[in-house]
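Please keep the sequence and the 3D view at hand while reading.

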Amino acid sequence: MKNLGNMLKQAQQMQTRMQEMQAKLEATEVEGSSGGGMVKVRLTGKGDLRRVTIDPSLMSADEREVLEDLLVAAHADAKQKVEATMAEEMQKATAGISLPPGMKLPF
């Protein structure tokens, strides 16, 4: 029974850390960029789009396709950074508890 009590205590601690991590991710913003910084996209740690910044030189009809591609690339860059931040925070929240391969938190 002592092991069960220990497991429950660890689960509660992990749940608290998960809640703290989610609050931190919500407050975190990351920036992705493309075109040498000509297009920038800011996402929250939860992946919500907060801001798009576009260099004025891209605001012409001739540059429309380039701009579209740069927006997609900047978003992908920001999303990758969000996922890296989330993985780092998840590592802290689980405090070394190993999960089965392929399992991700939060469920």
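The largest nonpolar core has ten residues: V30, V39, V41, L43, L58, L67, L70, A74, A78 and V82. A nonpolar core here is a set of buried Ala, Val, Leu, Ile, Met, Phe, Trp, Tyr and Cys residues joined through side-chain atoms within 4.5 Å. Buried means under 20% relative accessible area, exposed over 50%, and partly exposed in between, with a 1.4 Å probe and protein chains only. Strand 2 and helix 2 (64-94) are the elements that give two or more residues to this core. Helix 2 supplies the largest share, five residues. A second, separate core of six residues includes M14, M18, L25 and A93.

This is a predicted model, in which local features need pLDDT of at least 70 and side-chain atom pairs count only at pLDDT 80 or more, while totals for chains, interfaces and linings use all residues. Residues are numbered from 1 along each chain as its sequence is written, and side-chain values use heavy atoms, with hydrogens and water left out.

The chain has two helices and three strands, in the order α-β-β-β-α from the N terminus on. Helices (H or I, at least four residues) and strands (E, at least two) are DSSP runs, numbered from the N terminus.

The three strands form an open antiparallel sheet in the order 1-2-3; two strands pair if DSSP finds at least two bridges between them. Strand 1 (29-34) and strand 3 (49-54) are at the edges with a single partner strand each, so one side of each has no neighbour in the sheet. Neighbouring strands are turned by 15 degrees against each other on average, direction ignored. Axes are lines fitted to C-alpha atoms, for helices over the stretch in contact, and angles run from 0 to 180 degrees between N-to-C directions.

Strand 2 and strand 3 run antiparallel and are joined by five bridges. K40 stands opposite T53 in strand 3. Helix 2 packs on the sheet and touches strand 1, strand 2 and strand 3; its direction makes about 145 degrees with that of strand 1. Contact means heavy atoms within 4.5 Å.

Two residues show this packing in detail. Not counting residues up to four places away in sequence, V39 touches G32, S33, S34, T53, L58, L67, L70, L71 and A74. T44 lies in strand 2 (residues 39-44) and counts as buried because its relative accessibility is 2%.

Of the 107 residues in the chain, 21% count as buried.
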